[in-house]
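I opened the model today to look up a few things about its folds. My notes follow in the order I took them.

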Amino acid sequence: MANGFEKSRNKWGWVFISLSIIFIGLFIFYPLIYSLYLSFFSTKGAMKNFVGFGNYKRLFQDNYFILSVKNILVILVIQVPIMLFLALIFAFLLNDPKLKFKGVFRTALFLPAVSSLIAYSVVFKMMFSSEGLINNMLMKMHIIKEPIRWLLDPFWSKVTLIIAMTWRWTGYNMMLYLAGLQNIPQEIYEAAEIDGAGKVAQFFKITIPLLKPIILFTTILSTIGTLQLFDEPMMLAAGVTTGSSVGPGNSLLTPSVYIYNVSFKYVPNFGYASAISYMIVIISVILSLIQFKVAGEEK
Amino acid sequence: MKRKITYTFIYIILTIAAFISVFPFYWMIVGSTNKSVDVNKGKLTFGTHFLTNFKNLVNNYNLGEVLWNSIQVSFFVVVFSLIVSSMAGYGFEMYKSKGRNYVYGAVLLTMMIPFAALMVPVFKLMSFFNLIDSLWGVILPMIPSVFLIFFFRQNFQQYPKEIIMAARVDGASELRIFFSIVMPSMKATYAAGAIYAFLTSWNAYLQPLVIIQTQKNRTMSLFIANLASGYQPDFGLVMTAVVIATLPTLILFFALQKHFVQGILGSVKQ
Amino acid sequence: MKKRFSVFMLVVLFLGIVNAAGLSGKITIWCWDPNFNVAIMEEAAARYTKINPNAQIEIVSMAKEDVEQKLNTILASGVKKGLPEIVLIEDYNAKKYLESYPGAFADLTKHFNYDEFAPYKLEFMTIKDKVYGVPFDSGVAGWFYRRDYFEQAGIDPSKLDNITMDEYIELGKIVKEKTGKYMQAGDPYDGGLMRTLLQCAGTWYFDEKGQPNFVNNPAMVEAVNVYKKMADSGISKEVTGWNEWVAAFNGGEVASVITGVWIIGSIKAEPSQSGKWGVLPVPRLNVQGAVNASNLGGSSWYVLQNSENRDLAIDFLKEIYAKDVDFYQKILIDRGAIGTWLPAQKGEAYVAPDPFFGNQKIYVDFAKWMEMIPPVDYGIYTYEADAAIMGIMPDVYSGKLSVVEALKRAEEQCKNLIGL
């Protein structure tokens, strides 16, 4: 019986994945190959010029592309760790069986993750306007004397973006960590408590090491998400009449926004846009590999 | 005593975090009850304009039609995406082979592609299938979800192989094992997957934007984007639309929350 | 009697047949502002379907960026199905589409008498003597000001119809000192004012060959100076995004607004300010040849060559946008839209005093300024240039870069963006 199955095993494997392969092939791989082909052309709307690797060479001299990569690297280095760290702390606190109102806190903290990207960006833009809610509150609480130029200053606009993204995604990551924490038996924590280890020690000595695989997973997901960042900077940077730069001094310019602008706002050059996309894919792969490597070595 | 202080501290931290998380929602709802001017001023208290805003949306903008389109899109994406992705996850996990592992790797890699890069080819493809300006043109490309395939595969790792073996001994076909034994016993996983698929399809913006051409087929996100643009946007109206768009996701989340947590749980077990 | 009736019937029948044979079908139109061009198109459609009951018109309202994105997608993919008959394109963008997709837009040269349209609107829709668009709304710029605040500051508006931006900034300081109000509100990183200033000087970001021309362009140097002086003087309330901007003048925080005429609807959205506003000619840039008239934004209609009912669409535009004086009166009254079909400007609505603006005959003034707008060829890279110059402004404001140095870098960046 089992042997008979072994023979057809391979066949069944393909049967089960066939539907998804058809869909992915059609709607992801085919467009992907087509855009790889396009990336060797410089296009102007309907007109195409073969340029070989010209687009890829152009990337390295394109200040705005380089700036867009720098911008997301800043987000990667600052926002992602802050967010994941907060998510870890919240997950750790909510994992305590003695805590009351756990469900309420968990739901509240996760809530931002169900909001639509467009909607929350619009709401944040309004809250962070110079005379908006946030500045008003901070001034009433005497934390600041002058209004902060949230979206008017290259530095603060990045801070705003970081705050917005952290609001939107911390709960989501917290949920993943919470799920992971269910695998760590409570006895470990109880034993640690008896040994006199405080909450802080438990967090660093038990939670973080044991959650490592999930931390790696969320880091990679966040990295990919950050590299494709689009809706938030687009909405936050919309200007008075045109939105000439993407945030003050293009401080919110991301590769995806740049791809969009090159394709649709500027003279449409889909070939160059495709080349930028491929570069982003390459950067994503490299960063993911590095993250795997770092996590692996620490083990 | 020390413990008490620690817990007070924890409660304070969590309360602040919960407040920050919920506050923008509160403000959004307040906005939907106010006039455009008041939304601009950042008014924090409820007004009396909700009905006016709502009626305006229903009567002048055909809100019902827009909602119905979004519901259809999300419904079909959720159903098909769950079937297709869970089958794939099952196939990759239960029938491991070298060839399929390479395919799996390639599939995971596609997560790294920004959608903006695929827009023109996808449009071309859809026009080939004659699906421009149809809801199916929006639905079909959203069915393959790499994340869901990954998610289901992770979850199937927990599934006791003995049950499958036993069913095989009983002579059940592979498809039957999947559909009538495995699937019904993974409710939590499917619930979590459903929430994920619903959120992505309900909030999708670029995808429908590329495909939909006429007023009668547009979805909620397109509608909100249109409302918020122009020379004189009415922000009370925008906020009302945003609230209405957010409601279904909230309801679904609260209804399935329990399963959702369990489903996520399964995905990260090693 | 009977005979007359049958002749009448015959004529009706005949007309019916002509219509049915040549001009029937469905026209799809893409535009973006529900309160403005969408509503105006709906009015036009209602009028046309009365003339030609065989026509069916569907107006699709989208966000402006979305119209541009869809148009690019559909034209780039070379698909012939599902094309709209008519699209609205912002004037700054027009040439880009016309040049990027040759053959995609219908040549309308023979169909319209273009002498009847404001000349500055033709510059960017003409390629090799062929005209591809139907000029629509004007972005003729005005200097909207608060009569009450100016009076409080001791400023006499009657002496302000011929001033420069430098004088404007000086006045702004007086206003701020005397009334505590800002002179204006603006996004310091938005290129709108820059374009208004360049056009009043009759220049643009590019030279005749279409090459970026920043450093050696005196108007541009001066315009960047204006941005810098404005920021330093503190007369401008800094805002980000449209709603903050509108809130600034609706909330009575600013004494004036320099922008396109299309803002009237938003200004009037605050009825409590009725009678307190007035309009002046825009201050000009302090360079040789600049005039006190300019433009910001504005858009025009284009017909797609390969769309199904192209001829019907052209007939529609002709019957309404180049014939119907009454239509232009109506959209002016209802929407504050100033058309650029000149014969319409003799109509009654144009000469009526507007109580909201202190009974000033504002549309007479706007019509006058509209004819003074220097025609400028926007070329195809306006948004690239905009992004290049506005991207460097933080360094100008902070003093890190001199104006000339900044312009040098921006020009390089612009070439970079164009791919030169």
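**Chain B, overall.** I started with chain B, which has 14 helices and 0 strands. Read along the sequence, its pattern is α-α-α-α-α-α-α-α-α-α-α-α-α-α. I also looked up the extent of chain B: along the principal axes, its C-alpha atoms fill a box of roughly 70 × 70 × 30 Å. I note here that this is a predicted model.

**Chain B, one helix pair.** Next I picked helix H4 (residues 63–94) and helix H7 (residues 135–142) of chain B. Their axes come within 9 Å and cross at roughly 30 degrees. Angles under 35 degrees count as roughly parallel, so H4(B) is roughly parallel to H7(B). The crossing of H4(B) and H7(B) is right-handed.

Which residues of H4(B) and H7(B) meet? From H4(B) I listed Asn69(B), Gln72(B), Val73(B), Phe76(B), Val77(B), Phe80(B) and Ser81(B). From H7(B) I listed Leu135(B), Trp136(B), Val138(B), Ile139(B) and Met142(B). By class, this contact has 9 nonpolar, 3 polar and no charged residues.

**Chain A, confidence.** I checked pLDDT before reading chain A. The average for chain A is 88, and 95% of the residues score at least 70. Where is the mean pLDDT lowest among the elements of chain A? I found it in helix H5 (residues 117–127) of chain A, with a mean of 84. The highest mean, 95, belongs to helix H3 (residues 63–94) of chain A.

**Chain A, hairpin.** I then turned to strand E1 (residues 41–44) and strand E2 (residues 47–50) of chain A, which pair in the antiparallel sense over 4 bridges. Phe41(A) has Phe50(A) in E2(A) as its bridge partner. The hairpin of E1(A) and E2(A) has 2 residues between the strands. In this hairpin, Gly45(A) takes a positive phi near 65 degrees.

**Chain C, sheet of 5 strands.** On to chain C. I found an open sheet of 5 strands in the order E2-E1-E3-E12-E6 (chain C), with mixed pairing.

I followed E6(C) to its pairing with strand E12 (residues 299–303) of chain C, which is antiparallel over 3 bridges. Gly133(C) stands opposite Tyr302(C) in E12(C). Helix H2 (residues 37–51) of chain C lies across E1, E2, E3 and E12 of chain C. H2(C) runs at about 175 degrees to E2(C).

**Chain C, sheet of 3 strands.** I looked up one more sheet. It is open, has 3 strands in the order E10-E7-E11 (chain C), and pairs antiparallel. Strand E10 (256–260) and strand E11 (277–280) of chain C are at the edges, each with a single partner strand, so one side of each lacks a neighbour in the sheet.

Strand E7 (residues 141–146) of chain C is joined to E11(C) by 4 bridges, running antiparallel. Phe144(C) stands opposite Val279(C) in E11(C). Helix H14 (residues 362–372) of chain C packs on the sheet and touches E7 and E11 of chain C. The direction of H14(C) makes about 145 degrees with that of E7(C).

Key. Residues are numbered from 1 along each chain as its sequence is written. Chains are lettered from A and ligands numbered from 1 in the order in which they are written. This is a predicted model: local features need pLDDT of at least 70, side-chain atom pairs count only at pLDDT 80 or more; totals for chains, interfaces and linings use all residues. Side-chain values use heavy atoms; hydrogens and water are left out. pLDDT is the predictor's confidence in each residue, from 0 to 100. Two strands pair if DSSP finds at least two bridges between them. Contact means heavy atoms within 4.5 Å. Axes are lines fitted to C-alpha atoms, for helices over the stretch in contact, and angles run from 0 to 180 degrees between N-to-C directions. Angles under 35 degrees count as roughly parallel, over 145 as roughly antiparallel, 65 to 115 as roughly perpendicular and the rest as oblique. A crossing is left-handed if the near helix is turned anticlockwise from the far one by less than a right angle, and right-handed if clockwise. Ala, Val, Leu, Ile, Met, Phe, Trp, Tyr, Cys and Pro count as nonpolar, Asp, Glu, Lys and Arg as charged, and the others, Gly among them, as polar.
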